[in-house]
Amino acid sequence: MAARTDRAARFADALLTLAQAEDAVPQTEQDLLAVRDLISKQPRLLGFLRDPSVTDAGKRAALDELLADRIGPVTLGFMDLLLRLGALDTFDAVSETFLSAAAAADSKASGLVVSAVPLPDETVTRLEDAIGK
């Protein structure tokens, strides 16, 4: 398990470095969330991509068809890399690690404000200003 986590961390670090170099970190964050959403809504997709009876060309064509108009070239290239390396099983860990590292690199923290009652607009505005939206 540690080896998989280390591998995922290396992939995430490489993806973050590339996304920073391409000035595409926010786009890559959105892309990874979109891919995660797609996978959660179509769980058979990962099974198809892992199926050894499907050729790599067929898998790449499916990825292109499903994702090309939804995600940027950095993320699409990264998904292709994971496919070619047989590392799609690390996608969840990679995306989670990337999102955390990107937030840390940008000095962001994520959170959720929960209230038992609707908050007045003034309070929401103060919270947004304090948190930085």
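The legends below describe close-up views of a predicted model.

Local features are reported where pLDDT is at least 70 and side-chain atom pairs at pLDDT 80 or more, while totals for chains, interfaces and linings use all residues. Residues are numbered from 1 along each chain as its sequence is written, and side-chain values use heavy atoms, with hydrogens and water left out.

View A. Helix α6 comprises residues 91-105; helices here are DSSP runs of H or I with at least four residues, numbered from the N terminus. At 1.5 Å a residue its 15 residues should span 21 Å, and the end C-alpha atoms lie 20 Å apart, which agrees; the expected span is 1.5 Å times one less than the number of residues. Phe91, Val94, Ser95, Phe98, Leu99, Ala102 and Ala103 are the buried residues of α6, where buried means under 20% relative accessible area, exposed over 50% and partly exposed in between, with a 1.4 Å probe and protein chains only. An α-helix has 3.6 residues a turn, so residues three or four places apart point the same way. The exposed residues Asp92 and Ala104 are carried by the face of α6 turned away from its buried side.

View B. One aromatic pair is found in a search of the whole structure, with rings of Phe, Tyr and Trp (its six-membered ring) counted as paired if their centres lie within 6.5 Å, and with planes under 30 degrees apart called stacked, over 60 edge-to-face and the rest tilted. The ring centres of phenylalanine 11 and phenylalanine 78 are 6.4 Å apart and their planes stand at 75°, so the pair is edge-to-face. Because phenylalanine 11 lies in helix α1 (residues 2-21) and phenylalanine 78 in helix α5 (residues 73-84), the pair ties together parts that are 67 residues apart in sequence. Phenylalanine 11 counts as buried at 11% relative accessibility, and phenylalanine 78 counts as buried at 6%.

View C. Helix α2 (residues 25-41) packs against α5 at an angle of about 50°, with the axes 9 Å apart; axes are lines fitted to C-alpha atoms over the stretch in contact, and angles run from 0 to 180 degrees between N-to-C directions. The helices α2 and α5 are therefore oblique to each other, given that angles under 35 degrees count as roughly parallel, over 145 as roughly antiparallel, 65 to 115 as roughly perpendicular and the rest as oblique. The axes of α2 and α6 come within 10 Å and cross at roughly 150°, which makes α2 roughly antiparallel to α6. Helix α4 (residues 56-67) packs with α5 at about 155°, their axes being 11 Å apart, and α4 is thus roughly antiparallel to α5.

View D. Aspartate 23 lies in the loop between α1 and α2, and its phi is near 55°, a positive value in a residue other than glycine. Aspartate 23 is exposed, with a relative accessible area of 72%. Leucine 88 is placed in the loop between α5 and α6 and counts as buried at 6% relative accessibility. The C-alpha atoms of leucine 88 and leucine 46 are separated by 7.7 Å, although the two residues are 42 residues apart along the chain.

Key:
Helix = DSSP H or I, 4+ residues; strand = E, 2+ residues; numbered from the N terminus.
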